[in-house]
Amino acid sequence: MTAGIAAAVAPASAADPQLWVYQGSSGGTQINALGTTLSSGPTVASNLADSAVPNSHTSTIASVHLASILDVGAVESGQVAQRWTNPGSDGNGVKITSRVKIAGINLLNGAIKVDAIDGSTSAAADSTTSGIKLAGTSGTTFVNLTIGGKSYPVNVPANTKVSIPGLVSIVINETKEIKGPKA
């Protein structure tokens, strides 16, 4: 199960009066279990790509149920694009924020439980007199997260690896940040 969110900002074409285009995507749950026996794409997938600001998109679902593997309450996924400026900028920047909220997760018959997950990530770009300014943020909070009977804090450090021997190995709060052109 994953709560995936991403955001990116890039220069627009020279003919476009808006200097930046943006793209953000997010999704609630995604199952890849038992090899490829059980697999699903992200539920509540939400995408926003444009150059217009302000702009937004939101998707929701009431619940997700997959046999005794997964039970999830409400899921909300979406993006917001807005103007972003920083000192010395030309005032033409943009920031895209993707956010996912998930309620009441019970995975693998209670082996993993959490009352709520709230995650967001953003990417921003603006032109300044000294060049291009890039910024980004990422954060996830977990309410009452337990894995294999062990409790975890609201703010789990990024890329925390946890195993329940013989059952599952997971990464909690997986985070990657790339500034600049994609390799």
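Predicted model: local features only at pLDDT ≥ 70, side-chain atom pairs only at ≥ 80, totals over all residues.
Q: Where in the protein chain is confidence lowest, and where is it highest?
A: Confidence is given by pLDDT, the predictor's score for each residue from 0 to 100. The protein chain averages 81, and 81% of its residues score at least 70. Among the elements, strand S4 (residues 38-39) has the lowest confidence, with a mean of 54, while strand S14 (residues 150-152) has the highest, at 96. Over residues 1-5 the pLDDT is below 50, and this stretch has 28 contacts in the model beyond near neighbours in sequence, a contact being heavy atoms within 4.5 Å.

Q: Which strands does S10 join, and in what sense do they run?
A: Two strands pair if DSSP finds at least two bridges between them. Strand S10 (residues 93-107) is joined to strand S8 (residues 70-72) by two bridges, and these strands run antiparallel; leucine 70 has leucine 107 in S10 as its bridge partner. Strand S9 (residues 75-84) also pairs with S10 in the antiparallel sense, over ten bridges, with tryptophan 84 standing opposite glycine 93.

Q: What lies between the strands in the hairpin of S10 and S11?
A: This hairpin has four residues between its strands, and in it leucine 108 takes a positive phi near 55°.

Q: Is threonine 121 buried or exposed, and what does its side chain reach?
A: A residue is buried under 20% relative accessible area, exposed over 50% and partly exposed in between, using a 1.4 Å probe and protein chains only. Threonine 121, which lies in strand S11 (residues 112-128), is buried because its relative accessible area is 12%. Its side chain reaches the backbone oxygen of threonine 137 at 3.0 Å. The C-alpha atoms of threonine 121 and isoleucine 96 are separated by 8.4 Å, although these residues are 25 apart along the chain.

Q: How does strand S2 pair with S5, and how many of the residues of S2 are buried?
A: Across the protein chain, 33% of the 183 residues are buried. Strand S2 (residues 20-27) is mostly covered, with six of its eight residues buried. S2 pairs with S5 in the antiparallel sense over five bridges, and serine 25 has asparagine 47 in S5 as its bridge partner.

Q: What surrounds serine 46, and with which side chain does its own side chain make a polar contact?
A: A polar contact is a pair of N or O atoms within 3.5 Å; within protein, one must be able to donate a hydrogen and the other to accept it, and residues adjacent in sequence count only if both atoms are side-chain atoms. Serine 46 sits in strand S5 (residues 46-50) and counts as buried because its relative accessibility is 1%. Its side chain makes a polar contact with the side chain of glutamine 79 at 2.8 Å. Not counting residues up to four places away in sequence, serine 46 touches several residues, including Ser25, His57 and Ser77.

Notes: Residues numbered from 1 in each chain as written. Heavy atoms only, no water.
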